[in-house]
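Please keep the sequence and the model in view while reading.

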Amino acid sequence: MGKSLIPEIARTVVRSPVGNLLLEADAGGLRAIRFMVGTNPRVGALARSGARNVLAEAAHQIEEYFQGSRTRFDLPLAPQGTDFQKAVWEQLLSIPYGNTISYGQLAWRLGRSGAARAIGNACKRNPLPIVIPCHRVIGKDGRLVGYAGGREIKQQLLIHEREATAGPHPRHS
């Protein structure tokens with residue numbers, strides 16, 4: 001038989017202040033981060049060399065993020081989505097650490113001023129929360145609205161970033 005066209009996915013669980021995170025990667029990069037609120041999974045990293053390296057580096061950088069020493073991630077990313085979703089996710093990467101913008105402002109940045117709802121749906125489908133910071137997008141009135149991990153986690157992430165920027169300057173950019 002020939003090689004499968006389906007990429008081999010490796011998984012690992014990372015413990016974080018917002019609960020367990022299931023990381024998924026293939027040799028091309030980090031594909032997904034899933035919140036595992038209320039679960040205690042027993043998933044270990046699978047032995048796939050390229051994916052294993054991506055997972056190890058992602059786990060390390062997420063740990064640095066929660067320690068307050070990393071404000072940007074430097075990982076190979078391989079999120080799966082439509083062209084529109086990928087354009088939204090790319091814009092999310094430009095939101096500075098510790099800052100927020102509204103869905104409407106994000107739509108304006110994309111040249112789609114009437115597409116705030118579509119932007120919200122793309123954020124909801126972001127497969128790499130935290131790394132692609134959709135938690136930094138808020139309602140036009142400043143309220144926390146929608147987040148795949150729940151509003152409580154969104155609030156925790158925003159508080160974490162505000163507190164980290166108020167202290168000593170982070171070491172990693």
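A residue is called buried when its relative accessible area is under 20%, exposed when that area is over 50%, and partly exposed in between, with a 1.4 Å probe and protein chains only. The model is predicted, so local features need pLDDT of at least 70 and side-chain atom pairs count only at pLDDT 80 or more, while totals for chains, interfaces and linings use all residues. Residues are numbered from 1 along each chain as its sequence is written, and side-chain values use heavy atoms, with hydrogens and water left out.

S16 counts as buried because its relative accessibility is 15%. Leaving aside neighbours within four places in sequence, S16 is in contact (heavy atoms within 4.5 Å) with L21 and F66. The side chain of S16 also reaches the backbone oxygen of G19 at 2.7 Å.

Side chains of opposite charge can pair when their charged atoms come close. A search of the whole structure finds six salt bridges, each defined as a side-chain nitrogen of Lys or Arg within 4 Å of a carboxyl oxygen of Asp or Glu.

| Salt bridge | Closest N and O atoms |
|---|---|
| E24 and R34 | 3.1 Å |
| R70 and E64 | 2.7 Å |
| R136 and E161 | 2.9 Å |

R136 and E161 are both buried. E24 is buried, with a relative accessible area of 9%, whereas R34 is partly exposed at 42%. R70 is buried at a relative accessible area of 9%, and E64 counts as buried at 7% relative accessibility.

Terms used
Polar contact = N/O pair within 3.5 Å; in protein donor to acceptor, adjacent residues only side chain to side chain.
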